[in-house]
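User: I have a model to go through with you. Can I paste it here and ask as I go?
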Amino acid sequence: MKGIIRASTAIVIISAILFYAVHVLESSSATSGSGSISVYNWGEYIDPELISQFEEETGIQVIYETFDSNESMMTKIEQGGTSYDVAMPSEYAIEKMKENDLLLPIDQSKIPNLENIDPYFLDLPFDPGNEYSIPYFWGTVGIAYNPTLLEGQTFESWDDLWNPTLEQEVILVDSAREVIGMGLNSLGYSLNSTDLGELREATDKLKTLGPNVKAIIGDEIVEMMRREEAAVAVTWSGQAADMMWINEDIDYAVPEEGSNLWFDNMIIPSTAGNVDGAHQFINFMLDAEVAAQNADYVGYSSPNAAALELMDPEVTGDERFYPTEEMRDRLEVYENLGLEMLGVYNELFLEFKMDMEK
Amino acid sequence: MTNRSSRPWYLAPYYIWILLFVIAPIALVVYFSFLDLAGDFTLENYANFFSSTYFRMTLSSFWYAFLITFISVLIAYPTAYWLTKTKHKQLWLLLIIIPSWINLLLKAYAFIGIFGLYGPANQLIQFFGAGPLQILFTDFSFVFVAVYIFIPFMVLPIFNSLDKINPALIDASRDLGASQWTTFRRVIFPLAINGVKSGVQAVFIPALSLFVITRLIAGNKVITLGTAIEQQFLVTQNWGMGSTIAVFLILFMIIIMLLTGPKEKGGALNGKAK
């Protein structure tokens with residue numbers, strides 16, 4: 001009995017000490033400025049130096065958290081219990097969050113730097129008048145490939161992925177809309193198709209890609225391509241830029257049948273606790289120099305016209321990552337298809353994974 | 001303990017815990033499994049589960065879980081037997097257990113490096129003259145890593161039950177003229193069978209719902225029920241369907257517990273082999 005009492009006392013004392021230590025650490029790191037904001041962003045999607053710079057300039061402490069899919073981000077905000085002040089979802093997620101009243105309107109008078117943004121990226125169908133969202137980055141879905149491992153094969157068409165010489169060489173991104181969308185595009189259908197016949201046809205075609213598929217994975221794609229474990233990957237433009245940063249042999253192409261054009265935007269969730277701080281943060285990120293530094297670091301395409309002028313013309317003139325408006329016309333933006341259709345896409349994606357030809 | 005039927009007050013925290021964290025969540029899972037996307041009552045999720053995709057997924061989950069468990073037993077049984085014969089039992093046991101303290105994700109990422117085209121595994125193969133092989137993202141790598149992860153959970157219970165066997169029983173068997181094989185088959189194996197059963201429970205059930213390494217090590221070419229549940233909750237946001245799959249997983253687990261559960265309390269110690 002004595003032993004139990006002694007052990008319990010020890011546990012209580014140690015817990016108390018740890019609790020106190022956490023308290024001391026937290027209060028010493030919080031600045032006395034105008035509070036803090038929490039930012040909820042994709043992984044590897046901001047230059048961490050800019051966060052410190054923002055903290056120094058405004059005295060606002062930034063709590064930074066990351067998510068890996070629009071869906072998990074929405075689920076977390078919808079459930080409440082969080083108080084994220086700024087988040088960076090993609091366009092179709094914004095449409096859906098708007099429907100579910102998960103967004104606060106943005107006061108544009110507090111965002112003077114909005115004038116830096118290229119008008120092409122403003123007033124888009126998913127958010128007319130930019131009432132709820134401010135552009136952050138944009139990009140495409142395409143094929144990243146390493147010509148040194150491929151004996152000169154190039155990728156003008158999605159059908160090039162079906163080339164029998166690519167056995168066990170192609171990595172696909174683990175995301176239903178991207179992969180099913182690629183199947184639809186390769187058949188000349190819209191990647192927002194809700195026609196069950198077209199979707200069936202696309203899935204059946206994807207299954208024949210099986211022998212070429214090496215894996216269906218997430219962010220690990222970048223490492224795989226850098227280390228030349230695989231020669232071809234269907235992925236987002238920014239991931240391709242990340243790969244090229246380390247392995248200069250890698251190239252990127254957007255197939256001619258069309259592909260996805262996407263926009264990630266800064267929004268203020270309805271659960272925000274520091275709306276004023278959120279506006280300051282958004283305005284800060286739109287500053288020409290800040291946006292240029294951020295685009296250099298992240299590698300995705302910036303919608304910030306003033307920032308592009310400050311950047312290396314070799315980067316901003318690269319049509320693989322900054323396609324001309326004419327090229328952009330071939331691309332499609334995801335529409336919010338509703339939960340029902342999203343379910344259909346995911347069931348088909350699951351079926352594709354199960355039934356890939358070996 | 002004069003009155004066995006009355007529940008002593010000190011068990012109250014236990015009952016509250018069980019109610020809040022075991023019974024309530026299972027009840028919620030069952031409840032959600034009857035809801036469709038709009039939150040209305042439906043039986044469609046159950047009809048869906050018996051569609052071909054999920055049925056085949058269940059079969060393949062079982063197949064891989066069986067394979068993983070079987071190989072684990074094959075490796076763990078001799079290991080545990082050998083452990084009981086060594087001098088520093090506790091040290092060896094510790095060495096086998098330590099890897100299970102390392103986070104699963106870290107181990108998975110380590111294997112991505114080891115099994116890669118330019119990793120040590122392929123260097124070894126090339127040393128023996130063969131070309132680089134695609135090891136990562138295959139059935140082999142999936143089963144290998146899963147077995148590696150689960151082995152400690154199989155070794156431990158088997159070791160415990162083997163270690164408890166009274167050596168006098170084995171001596172007696174020998175004295176009465178039984179061969180080594182007969183001694184193993186008629187004395188050691190029946191006495192340690194409960195250890196194997198708990199090992200099977202500890203491995204087979206989690207193996208049914210593996211999902212992290214199906215993506216990292218098998219590149220989503222192996223799909224288990226765990227992968228499907230994760231998808232339904234996080235991506236499709238169809239909590240109803242996700243819960244339905246979970247209900248079946250719980251049912252399978254109960255069946256396996258019943259099949260492998262000990263039939264007799266303390267059977268391993270009292271030496272009455274049946």
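User: How many helices and strands does the secondary structure of chain B come to?
Analyst: Chain B has 13 helices and 0 strands; helices (H or I, at least four residues) and strands (E, at least two) are DSSP runs, numbered from the N terminus. This is a predicted model, where local features need pLDDT of at least 70 and side-chain atom pairs count only at pLDDT 80 or more, while totals for chains, interfaces and linings use all residues. Residues are numbered from 1 along each chain as its sequence is written, and chains are lettered from A and ligands numbered from 1 in the order in which they are written.

User: What box do the C-alpha atoms of chain B fill?
Analyst: Roughly 75 × 70 × 35 Å, taken along the principal axes.

User: And how many residues of chain A are in contact with chain B?
Analyst: 23 residues of chain A, against 22 residues of chain B. Contact means C-beta atoms, placed from the backbone, within 7 Å.

User: Which element gives the largest share of the chain A side?
Analyst: H14(A), with 9 residues. Helix H3 (70-78) and strand S6 (213-217) of chain A also give two or more residues.

User: What should H14(A) span, at 1.5 Å a residue?
Analyst: Its 18 residues should span 26 Å, and the end C-alpha atoms are 26 Å apart, which agrees. The expected span is 1.5 Å times one less than the number of residues.

User: What covers its buried residues?
Analyst: The cover of H14(A) includes helix H5 (176-186), helix H6 (196-207) and S6 of chain A, together with helix H3 (52-85) and helix H11 (225-234) of chain B. Buried means 20 or more other C-beta atoms within 10 Å of the residue's own, all placed from the backbone. Among the buried residues are A:Leu342, A:Tyr345 and A:Phe349.

Definitions and conventions
Contact = placed C-beta atoms within 7 Å. Buried ≥ 20, exposed ≤ 12 C-beta atoms within 10 Å, placed from the backbone.
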